[in-house]
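Open the model in your viewer and follow the stops below. Each one names what to select and what is there.

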Amino acid sequence: MNDVFISYSRKDAAFAKRLFDKLESTGRESWIDWEGIPLSADWWAEICKGIDEAATFVLILSPDSLASAVCTLEVAHAITANKRIIPVVYRESPIEEAFGKIAAVKPDPVLAAMLNERDLLQLARDNWTKLGQINWVFSRETDDFETAFAKLLTTIETDFAHLARHTRYYTQARQWDEAGRTNDLLLIGDEIASAETWLLDGKVKDPLPTSLHEAYITQSRTVDNARQRVFRNLRRARAGLSAFVTIALVAAIIASLFATDAVQRVNEGQVTLTAIAQEVTDQQNLVESLRLAVLANDLLNENGGNVETAALLGIRALNTVYSPQADSVLLQALDRVYTEQVFTGAQSVVFSPNGRFILAGGPNMAQLSDAVTGEKVREFVGHTEWVRSVAFSPDGAYVLTGSDDDTARLWDTHTGVELGRFSAHMTDVYSVAFSSDGDYFLTGGADHIARLWDRVTGKEIRQFAGHTAGVYQAIFSPDGATVMTGSYDDSIRLWEVGTGREVRRFDVNQFSKPHLAFNPDGSSILTGSKDGIARLIDAKTGDEIREFIGHTSWINSAAFSPDGSTVLTGGSDSTVRLWDTATGDELREFTGSTAWITSVGFSPDGNVIASVDSDGVGRLWQVTSGSPLRQFTNGHSDWIRSVALSHNRTLILNGSDDDTAYLWDATTGQQILEFVGHTNDIYHVAFSLDDRLVLTAGDQTARLWDTTTGHEIREFVGHTDWVGSAVFSPDGTHILTASNDNTARLWDSATGEEIRRFTGHTESVVSAEFSPDGNYVLTGSVDNTARLWDSATGEEIQQFRGHTTLVRAVFSPNGVYVLTGSEDGTARLWDIATGREIRRFVGHIGRVYSVSFSPNGAYVLTGGEDGTARLWDTATGQEIRRYAGHTGYVWSAEFSQDGRYVVTGSQDGTVRLWDTDYRDFISYACEHIYRNDFTDDERTQYGITDDTPTCPQFAAQ
C-alpha cells in the first residue's frame with residue numbers, strides 16, 4: 001500500500017516531482033506515473049490499481065490537469081473508490097475553459113474503452129461538483145510551498161489508520177470481486193470482527209466505506225457463520241451420535257456440496273464411480289481436518305485453553321489431510337508451548353540458590369534434579385508420607401522438608417544425609433522456610449501453630465500461636481524481622497520474630513487459603529485466593545494496592561520474581577500466569593498442565609519458572625524469551641528485508657531496514673555477529689559457497705564480510721542509486737549486483753573492480769542472478785520484464801514479458817527454467833529457450849515479493865504481502881503448504897541447501913525457520929508435546945473415534 005497517489009498533467013511534472021520528493025523525505029510513499037506512455041488497457045489497469053492501493057488521492061489542479069481526459073478519469077475512479085481526495089492548486093484556471101477543452105476531445109478506441117460508455121464532459125462536471133465540496137490546498141507560485149506542504153501532510157495524516165484499512169479492505173474486496181467473488185478470498189476469523197468494527201465506525205468518517213466494502217465484509221461474515229454452523233453440527237454429531245451416524249452426516253454434507261456435479265461427470269463418462277468415491281473420502285478427510293482445526297483454534301482463544309491439547313488436535317488434523325488452517329493452528333499452538341522439561345512425582349518445588357538444581361517434594365522423599373537436563377542428582381529418603389513443602393538454605397548447603405508424617409527434616413544437600421528431625425508439631429507439617437541468613441527456619445502445621453527453630457542446635461525457639469486452624473504457610477519477611485502466616489481460619493497474620501507477638505491481622509475471609517509472598521523489599525504482600533484473583537497488599541496498612549484478574553478458579557500458589565517486577569500465580573484452572581507487578585497486566589499464560597497447579601516458583605535469575613500440579617507433574621517453563629519456536633527476533637528495530645540460510649544449515653543471515661545485518665546460530669537462536677557499515681536499508685544478503693563470507697546489498701553499495709570476525713573485507717562502489725541485490729557467482733570469483741539505477745553490474749570479488757554492466761532495462765533492476773553454470777545472468781525489473789544476458793559479453797539474449805508490475809526472477813537448479821514473482825500477485829514459470837510462459841502459481845492475496853526453487857527444482861517457494869510464504873509443486877502449480885505465522889509482509893523466503901528447511905524474513909521484524917515438509921513439522925511438534933495423548937473423556941469430547949496414537953511416543957503408553 002502506498003500513502004499517496006499523485007494525479008497530474010505532464011506540463012506540471014516539475015511541481016509534481018518537487019511534491020513527490022518532499023513526500024518521500026517525510027517517509028510517505030507515493031505512486032506516480034512518470035512514463036507518459038501511450039494509453040493502453042494494461043496501463044490503465046495499473047493506474048486504477050495504483051489509485052485503489054493508495055490511502056490518499058492528491059490531484060495537482062491546473063488548467064492542464066482540468067482539461068486532461070486521463071486526469072478526469074483518474075479523479076472519477078478515485079471518487080468511485082471513495083478515496084480521500086486532496087486538490088492541490090498549482091495554477092488556477094476558469095473551469096468553463098477547461099470544460100470547453102474536455103468537450104473537444106475525440107476519444108480514440110482505447111480512451112473509449114476506458115470511458116466505458118460514459119460521457120467525458122459529464123464525468124468532468126460530476127468530478128468538479130465533488131471537488132467543490134472538498135477543502136483545497138493552495139501551492140501557487142505566490143504561496144509559500146513549505147506552508148502549503150505542511151497543510152497537505154496534516155490532511156494526509158488525519159485519521160490515517162482509517163485510511164489504511166479503507167485501502168486494504170478495498171483492495172481485497174476488488175480482488176474478490178474480480179475473481180468472481182470466490183469464498184477463498186473472503187476474510188476469516190478475527191479479521192471479520194475487526195472489519196465489521198471498522199465498517200461501523202467508518203460510516204461517520206471521511207472517506208466513507210464503499211458498497212463494495214460492505215458487500216465484501218458482509219459476505220465474509222455470512223460465509224464464516226455458515227462454516228461455523230457446519231463445524232458446530234459436526235461437533236454435536238461427534239459428541240452425541242454413533243460413529244456410523246456421524247460419518248453419514250459428514251457424507252451427507254459433502255454430498256450436498258458436489259453431488260450434482262459428480263452425477264453429471266459420471267453420466268458424461270468423465271470419471272468412474274470409484275474416482276467419485278475417492279473424492280468423497282478426500283472431502284470427508286478435509287472436513288475432519290478443518291473440524292479439528294476449529295476445535296484447536298477455539299482452545300487457543302479460550303481463557304486458560306490448554307495449548308498442548310490444541311497442538312494435539314492440530315497434529316491430528318494435519319495427519320488426517322493437509323489443510324492450511326490446520327497448519328496455521330498447530331504453529332500458533334507451538335508458539336505458546338513454553339515447557340522445557342517435565343518431571344513427575346512432585347508435590348512442591350523450589351530452585352536452588354544458584355539456579356542449577358530443582359528440589360521437588362513427592363511421595364515419601366524429596367528429589368534433587370539438574371535444572372537443565374532434568375537428570376536425577378540425589379534423593380532425600382526417610383519420610384514415611386508425602387513431602388508437602390521443601391526449601392533450600394540461602395547458601396544451598398542444606399535442604400529442609402516438611403511432610404504428612406508429622407516431621408520436618410534437615411538434610412545435607414551434597415550428601416543427602418539427614419542432619420536433624422523435628423517432631424514438635426505431632427501432626428502434618430504443611431510449610432517450611434529458611435531465614436535470609438540461613439541460621440533459622442520456620443515450620444507451619446495442622447496443629448494451628450508456626451514454630452521458629454535454630455538450625456545449628458535444632459531447638460525450638462518460639463511459637464507463633466493464635467490461629468484457630470492449620471497453618472498452611474509460614475514465611476520470613478526479607479529483613480527477617482517478621483513472620484507472616486496463612487491459615488485455614490481465613491486469616492493472614494504478621495508476627496514479630498523477636499517476641500512472637502502478633503503485629504497485624506489481615507482478616508481476608510474472601511481469600512480462603514490465600515497463598516502468600518513478600519516482595520523483595522518487604523513493603524507489600526502477594527496473596528492468591530479462591531475467587532481466582534491475586535491481590536497486592538500494603539504490608540504496613542493492609543490496604544489493597546492492586547488486583548491480578550484472569551484465573552477462572554482458585555489460586556493455589558503465588559510468587560514474586562527476584563527483582564519484584566513480575567508476579568507468578570498458579571491456579572486450579574490448570575494455568576500458570578505471569579503478571580506485571582506495576583500495572584496488574586497479564587504478560588503470559590502458561591498452559592499444558594491437565595490438573596490443578598499446586599506450587600510455582602522462579603529461578604534465581606528470573607528466566608525460568610517451575611510449577612507442580614496435583615497429579616504430581618512438575619514443569620519448567622521458559623519466561624524471558626517469549627519467542628515462538630524457531631523464531632529469531634532480537635536485535636533488529638525495523639523490517640527484515642532479506643534472509644539466507646548457510647549451506648551447512650547452521651547459520652542464518654538477515655538484513656534489515658535498520659541498516660544492519662545479523663548472523664544467528666540456527667540451532668540455539670543466539671545472535672553471533674552484527675554487520676554494521678551500510679548507511680541505509682539492507683535489501684539483500686547472501687552466503688558464499690563455503691559460508692566463510694557474506695554479501696550485503698544496501699544504500700548504493702554491496703559489501704563483503706568475514707563471518708568469523710564480522711569485519712568488512714571489501715566494498716563494491718559504482719552504482720548511482722540503491723543496490724537491491726548482490727550474489728556470488730557459482731565459483732565465487734565474481735559478484736553480481738542489481739540497482740535502482742536501471743543496471744546490473746559484474747564485479748571482481750577479489751579486487752572490487754567493476755568488470756561489466758548489463759544495460760537495457762528502463763526502470764529499477766531489483767534482482768540479478770547467475771545461472772547454475774555461471775554463463776548467464778538473469779535480471780528482474782520494475783519495467784515488468786525479466787531478461788537473460790550472456791555473462792561474458794553483456795549481450796541481452798531473451799526477455800520474459802507478461803507481468804504487469806515489478807518482477808523478481810531466479811533460475812531453476814538445472815538452468816532450464818526461469819521463475820518470476822510480481823506485484824500482480826502471481827509467480828510464473830518460463831521456458832528459457834523460448835521465453836514462453838509455462839505455468840502460473842496463483843493464490844497469494846496481494847504482491848509476491850520473493851521467489852525461489854528448491855535445490856532439486858521440484859518445488860517453488862514464494863513470499864508475499866499477505867504475510868505468508870507458500871510451497872508449490874513445480875510440475876502442477878498446486879499449493880502444497882502454506883507457512884502462516886508472520887504478522888507483516890514476507891519480503892524474503894529461501895530454501896536450505898538440502899531442501900529440508902525454509903527460512904523467511906518479514907516486515908514484522910522477525911525471521912522464522914520452518915520444515916519444508918509438513919510431516920516433518922508434525923514430528924517436530926510431537927517432540928514438543930509434554931503431556932500424554934488424549935484421555936478417553938477427551939476423545940469423546942472432541943469426537944475422536946479411533947485409538948490411533950496422536951504421536952509416536954504415545955504408542956508405548
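**Stop 1: a pair within one helix**

E288 and R291 are three residues apart in helix α13 (residues 273-301), so about one helical turn separates them. Helices here are DSSP runs of H or I with at least four residues, strands are runs of E with at least two, and both are numbered from the N terminus. The model is predicted: local features need pLDDT of at least 70, side-chain atom pairs count only at pLDDT 80 or more, and totals for chains, interfaces and linings use all residues. Residues are numbered from 1 along each chain as its sequence is written, and side-chain values use heavy atoms, with hydrogens and water left out.

Show the side chains. E288 forms a salt bridge with R291, with the closest N and O atoms 2.9 Å apart. The term means a side-chain nitrogen of Lys or Arg within 4 Å of a carboxyl oxygen of Asp or Glu. E288 is buried at 16% relative accessible area, and R291 is buried at 1%. Buried means under 20%, exposed over 50%, partly exposed in between (1.4 Å probe, protein chains only).

**Stop 2**

Select D52 and R174: their closest N and O atoms are 1.9 Å apart, in a salt bridge. D52 lies in α2 (residues 41-52) and R174 in α9 (residues 160-178), so the pair ties together parts 122 residues apart in sequence. D52 is buried at 4%; R174 is partly exposed at 21%.

Next, select K49, E53, E823, R847 and E865. Salt bridges link them in a network.

**Stop 3: helix α5**

Select residues 95-103. I95, A98, F99 and I102 are buried in α5. Seen down the axis, the buried residues fall within an arc of 100°, so they line one face of the helix. The arc is that of the directions from the helix axis to the C-beta atoms. These residues pack against α3 (63-66), α4 (69-80) and α7 (120-131).

**Stop 4: strand β28**

Go to T569, in β28 (residues 566-571). T569 counts as buried, at 0% relative accessibility. What does its side chain make a polar contact with? The partner is the side chain of W579, at 2.9 Å. A polar contact is a pair of N or O atoms within 3.5 Å; within protein, one must be able to donate a hydrogen and the other to accept it, and residues adjacent in sequence count only if both atoms are side-chain atoms.

Note on methods. Contact = heavy atoms within 4.5 Å.
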